[in-house]
Amino acid sequence: MAKKSTAKKVAKRAAPERRAVTASASVAAVRTLSGETEPLEILAPLSDTTSALAPVTPRIIAVAKASAIARFDWKDRGPAALGYTEGMAVAYASAFARLQAHDPVADRMSRALGPAFMDSRGRLKGDALTWYSDQLRAIGMGAATPLERLRSLFVLLLGLGMRESSGRCCEGRDRSADNRTADTAEAGLFQMSFDLVAPRAELLDVFHHYQSNPDEGLREIFEVGMSPPERDRDRENFGSPDSPGFAFQKLSKQCPAMTVEIAALGLREEAGHWGPIIRHAAEVRSAAKELLLAVEQIVDGPTTAAAGGVMRVMAAPVMLGGGTRPDAARFFSERVDLADLLPINSGLSSAREETMVSLLGSPRMPLTTIGQNERASDLVKRNVVLQRMSPLFRLTGLKQAIDDVATVLAQAFAAEPDLATVLSTEGMLSVRMRKPTDGSVSTHISNHAWGTAVDFKIVGFDAPANTGSTVPRFIAILIPLFNDAGWFSGVGFRDTMHFEMSDERIRKLSSDHVFN
């Protein structure tokens, strides 16, 4: 009992009680590991950038029009149509404002760098920012902070759009390629196909948002000066007109803002979807960086002499009892002494690899440090589920583990309602090798490979790794709750963000014949 009361003391705040923010949802579907579909709750957008940016959009367009990148002679493409540069500047303004407001979509765009490499079959896996790190560093782009990563991502997007479509937002599929099915036919600025989107709930959220709000697609900006203008062949879509892939092709050409967001998210986890990225053929230019820096200054500045600016407008819809979402994010990220929580993990141990393999089956080897969920064990594939955990995120994991996490988070959100508005995740199921926090070579399968481990973070902040003698306040809140549920805190092996089903919990569930 002493441990629990200490945790409550650590979590206590001086600010008045705040109300939780909820999000409405509609029903769609996502593809499972077996290729089937299951219901998916689509999260409502949490930040309205269209109205918030309206006062400064003319200034952003003017800066883009006068920028050096608007006149740049892209290799084999020539200068971009003016609307492409202007549209990308406005799209970046939206992403930048949402990042400052701790919006979860912008947060995922700007998350910490992941690995990237060519596998044994010559396929690119992982994070495009890592794959392009040398080229980005050469033009002075950083990756140490979320903002630096977001800026680098949009510099890369500017080059990729010119390479894939010459900046033509209405571009249809590449007629030289054999990709005529609804799911594989490419479309839009970045020549994406629905098979990139279908398995990924976060990308589906963006797609379904723009289906409901096509007027937010920025087409009227992107099509200015487009050459050649839209043709009949551009309007042609492929596959069944009733299929989501057909709808995705059509919307990709109508809503370039959607393609920017989906490409930004996709580049961070599936860089191999784009041939120019694989070949390093998408140009990154310092002039693009200068435009994005100018856009940031406009968004950060006051809209009028008497008004507080875009960020004040962005914060208003998510006002909590004692402040805004950024206020809550900073509060829950504050460090507290680990000593105040001790002892932790009492009677619990980290799940051993031999336990996991013997009771839950072995993933299909070999594995890398990049998630390859299609290699999950047969038992995991039979028992994996996708479940919404809060207005901000869902988790995919072993059903029994998902049930535990849902119970713990319900307890945490009941005690701290504002935590639900800022708690995010680095994921649960990820069939890969471990990423040792000391930098050593990986030799063991990660417990994420069975969907029995989860990493947490706060939107707008990097996930905490080894935080030493202190832990973020949100971790301090979660540790005793997870311990009570039979989960081991990664603080025990210097991985603060991490929680996993303990060896004892796994064995107990197996002896009770819970797994099938």
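Residues are numbered from 1 along each chain as its sequence is written, and side-chain values use heavy atoms, without hydrogens or water. As the model is predicted, local features need pLDDT of at least 70 and side-chain atom pairs count only at pLDDT 80 or more, while totals for chains, interfaces and linings use all residues.

The protein has 23 helices and 12 strands (DSSP runs of H or I with at least four residues, and of E with at least two, numbered from the N terminus). Of its 516 residues, 56% are buried (under 20% relative accessible area, 1.4 Å probe, protein chains only). The exposed surface comes to about 20800 Å², of which carbon and sulfur atoms supply 51% (Shrake-Rupley method, 1.4 Å probe).

The largest nonpolar core contains 85 residues (a set of buried Ala, Val, Leu, Ile, Met, Phe, Trp, Tyr and Cys residues joined through side-chain atoms within 4.5 Å). Helix H4, residues 82–100, gives the most to this core, with 11 residues. Phe154, Leu157, Phe190 and Ile277 touch the most other members. A further core, apart from this one, has 58 residues, including Met389 and Val405.

Phe246 is found in helix H13, residues 244–254, and is buried, with a relative accessible area of 17%. Beyond its neighbours within four places in sequence, Phe246 is in contact (heavy atoms within 4.5 Å) with residues including Ala182, Asn237 and Pro241. Ala182 is 64 residues from Phe246 along the chain, yet their C-alpha atoms are separated by 5.1 Å.

Terms used: Buried < 20%, exposed > 50% of the residue type's maximum accessible area, 1.4 Å probe, protein only.
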